[in-house]
Amino acid sequence: MALLEARGVNVVYEPARGQRIWSVREADVTIEQGEFVGLVGESGCGKSTLGFALTRMLRPPARMPSGQIRFDGTDIASLSGEQLRRARRGGFALVLQSGMNALNPVRTIERHFRDVLSAHARPGDDLSRDRIRRRAAELLEAVRLEQAVLSRFPHELSGGMRQRVSIALALSLQPRMIVFDEPTTALDVIVQQAVMDTIKDLQRERGFSAILISHDLGVVLEATDRVMIMYAGRIVEDQPARVMAHGLHHPYTEAMLDCYADPRADVVKLGGIPGTPPDLSLPNVGCSYAPRCPLTEEICRTQDPPLYPLAPGRAACHVRARMAHVEEEVGSVR
Amino acid sequence: MSDNEVPPLTVSGVSKVYQVRGRDRRTVTAVDDVSFEVAPGAAVGLVGASGSGKSTLAKMITGSVRPTSGEIRFGDTSVGQLRSAGLRKLHHRVQMVFQDPYGALNPLHTVEYTVMRPCQNFLGMSAAQARDRVAELLETVGLVPAGQYAAKLPHQLSGGQRQRVLIARALGSDPELIVADEPVSMLDVSLRAGVLKLLAELRRTRGLSLLYITHDLLSARLITDEILVLNQGRVVERGQTKQVLQLPTDKYTIALLNAVANPFATSRGGLGGSSPRGGTDEAPSANGSKANGRRTA
Amino acid sequence: MTVITSVPPPEGGLGGKASPQARGGPGGSSPQGWYSAVPGPLRFIGRALRTLWGNGKARAGLIILGIIVLAAIFAPLIAPHSPTATTFAPYKGPSATNWLGTTGNGQDVFSQLIYGSRISLIVGLCAGALATLVAVTIGLISGYRQGPVDEVLSFVTNLALVIPALPLMIILAAYLQGHSVWTIVLVVAFTSWATGARVIRSQTKTLRTREFVTSAVFSGERLFRIAFRDILPNMTSLVAASFLAAATAAVLAEASLEFLGLGNPSTVSWGTILYAAQQQNALLTGQWMMVFAPGLAIVLLMVSFVLINFGIDALSNPRLREK
């Protein structure tokens, strides 16, 4: 049984009376035990919202009007309050984009650990100062920080260190799944690479499932087993990471891949994706990517494509699906 | 303004040392004896991770911070000695494109107001003249129809659009040198090419000099002719961009190259062998955070 | 405790997506017809009131304040008698002709209450406005300029904070024997600007480090223009909150001064009713309404300001300025 199974998740955001923005539409997400999955898309595509929805961290004015989320067999979409809190221990955790914003600036790091561990303590747990300090030191070591960090305040640490502390705090509850929401976006390239390496190693060592949310497909492909691409609130492609760099994909994925290049090459060409994503407060007709897509056909304007199989995964593109189907047929004839 | 009127920017032996008050009194050297030149119409890149001193250098070049030693000359003006009146004159000629497209725009001012002000302040234009110029500038940066964008507020624009507004603002005073401080690092990857192409285009058509500051070697490769790699305030490598990237000699440059996320790279080992990963958390001397040494001023 | 408190909005943040109102299409959220003919500042006030109305507490505050303001404006129509006419039997409790009874001089308390709202409102709002004006000027300059200017202004502010306000007011009011309403306004404003100045200075210091201020410097803007056109508008809700707090304090201060007999005893205000009540031993003569009514009125006015203050945060939202 998959660790996380979400079906038909919809999230609507209502910032003011009369305004409704469908941030996530009909998302199906399946994560197996120990799998590392990436969720990629431009800003505003709903990836963070989906990540928050899956960990039940949505706050008004966002809400999930429909959808099922089964975590380890339990439907967590309907849990609330104390039950939800209990599900978080040994369940799932969330690591956010900006370490600075997620850490309390007037508390030492040690105090952060104490807060998290005592908030989720089960009766009989040892909460003595020594025990907590030892546990915190273990966790800090796992994220490659030294114990001296415990007595520091968040503003005394660099961005990379703060992010590692956030990761350590997430690990402290021994979750089965961690959602990383743009964990390295605010960091510079070298620190970003180091933190991502740490995340990868931890995931491999401890075997938790992980969802990595990012706008940077390059970073995600280097870390994850499988990638889901989101556009305008929908998941438009779902493939193993190893096949992303070649072959045919959803035109949006292909456009994103064009935004990367090797700076050492003799000729460097960089693509961008012109146009803007659609207005999510309006109902959409047909494929939401059609206005920006070079492969648009008549059917794209009228029918919203489902996730067609596009071996080895799936992609929501009428044109690509047809091409793959034709190839199959030609192949079988030969 | 024709090319031969644009003076070179000369940075000679510039250092910046901060006295840090606090638990332990110590000095922090943000920039250590850096020298380089930006020839008229050239595009030079300052590349490094955070703590390398590149932002401090940018601030010294634009007059926000005074160097502790060394000299910065833009044509016949010595930048380090300027006070407020002189700084204002400097800003007429040396403009900056900021990193955070949302933070650098006043959330309560329309696009038109933001782009108008330098035209009025530096070019002495009346409000009506400035508005016409704003329309031209918005078209130049690709925000068309200009009339529609002029009335917008920052929260109504996307990140790429905001960055274009910032570029239009920088062009308002008809500058000779533009210092772009990580202009695309806060944008989605898909939006970067557009803004970079705009900068390259502007440089070509207007004969501007460009000082491009970044930690991302890919964008540096696209825009700059020559680069300087900074590590802990010192220049560790310099040369023609393509050459430096294809044949790097310094360990730090190699680390930066390896850090560029590239889905098409077959291996991350890069050139010159040992990748500085594996076991250590941060790459060597990239970020002296553990030793509490580095601050990006 | 690492707590996630907010949901990521669809726009803004990294490489942000444009908000739904403002996509490529023409006009965005521009209003139609007659509305766009109304000048900018009035539109802003209109939207500000609508925003406040949307907040439950602020709405309650607006209603209470509205009632008091209407009472003040239409006092001649609402009050059944003249407030100063001593035509009634003195020391009487509430009756059909005198709803709240009469004073020791035979004046109708209810009419006094209605007319008295004028003084409290005028002093409250004017003193509050004056104090806020001083606070904004000093706070902005002291927060923006560093160095000696800031040191001097901060020192003055701290001095003003440390001196106890009420005793100072009493001394000033007694010393300046003008005894007009405007004396009271000046005295109250003079003693209550310091808190606002402190708060505004802090906020200015924070805003000053924002990149749009640096951007303004690069655009050639001068100090005053940056302080008043760049920084101040971003502090609208703070200034409004300061004003309401100052007005609240001013209402109470005015009533206190009148109660202590330092105002002009011939004007009618809620404070003078209390003064008379004390002089005439109203509680002993059983005229508790004479004490209760003005006291309640003062409290209600202050509470209305406080309630409105709850809705003020929304005023700094840039959406209010959309064309």
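The side chains of A:Arg144 and A:Asp201 meet in a salt bridge, with 2.7 Å from N to O. A salt bridge here is a side-chain nitrogen of Lys or Arg within 4 Å of a carboxyl oxygen of Asp or Glu. A:Arg144 lies in the loop between helix 5 (129-142) and helix 6 (159-171) of chain A and A:Asp201 in helix 7 of chain A, so the pair ties together parts that are 57 residues apart in sequence.

This is a predicted model: local features need pLDDT of at least 70, side-chain atom pairs count only at pLDDT 80 or more, and totals for chains, interfaces and linings use all residues. Residues are numbered from 1 along each chain as its sequence is written, chains are lettered from A and ligands numbered from 1 in the order in which they are written, and side-chain values use heavy atoms, leaving out hydrogens and water.

**Salt bridges**

- Over all chains, the rule gives 31 salt bridges.
- Side chains of opposite charge can pair when their charged atoms come close.
- Across the interface of chain B and chain A, the rule finds 0 salt bridges.

**The interface**

- On chain B, 45 residues are in contact with 38 residues of chain A. Contact means heavy atoms within 4.5 Å.
- The two chains, B and A, bury about 4,000 Å² between them, and 56% of it is on carbon and sulfur atoms. Buried area is the accessible area (1.4 Å probe) that two parts lose on being put together, summed over both.
- There are 12 residue pairs in polar contact between chain B and chain A, both residues at pLDDT 80 or more. A polar contact is a pair of N or O atoms within 3.5 Å; within protein, one must be able to donate a hydrogen and the other to accept it, and residues adjacent in sequence count only if both atoms are side-chain atoms.
- Four helices of chain B each supply at least two residues of the side that touches chain A: helix 7 (189-206), helix 8 (217-223), helix 9 (241-246) and helix 10 (251-259). Helices (H or I, at least four residues) and strands (E, at least two) are DSSP runs, numbered from the N terminus.

**Sheets of chain A**

- One open sheet has 4 strands in the order 2-1-4-5, with antiparallel pairing. Two strands pair if DSSP finds at least two bridges between them.
- Strand 2 (21-31) and strand 5 (74-75) of chain A stand at the edges of that sheet, each with a single partner strand, so one side of each has no neighbour in the sheet.
- Strand 1 (residues 4-13) and strand 4 (residues 62-71) of chain A run antiparallel, joined by 7 bridges. A:Glu5 stands opposite A:Arg70 in strand 4 of chain A.
- Another open sheet has 8 strands in the order 6-7-8-3-9-10-12-11, with mixed pairing.
- Strand 7 (residues 177-181) and strand 8 (residues 209-214) of chain A run parallel, with 5 bridges between them. A:Val179 stands opposite A:Ile211 in strand 8 of chain A.
- Helix 1 (residues 47-54) of chain A packs on the sheet, touching strands that include strand 3 (36-40) and strand 8. The direction of helix 1 makes about 155° with that of strand 8 of chain A. Axes are lines fitted to C-alpha atoms, for helices over the stretch in contact, and angles run from 0 to 180 degrees between N-to-C directions.

**Backbone exceptions in chain B**

- Most residues other than glycine have a negative phi, and most peptide bonds are trans.
- A cis peptide bond joins B:Val144 and B:Pro145, with omega about 0°. B:Pro145 sits in the loop between helix 4 (127-140) and helix 5 (146-150) of chain B.
- B:Asp33 is not a glycine, yet has a positive phi of about 55°. B:Asp33 is found in strand 2 (residues 26-38) of chain B.
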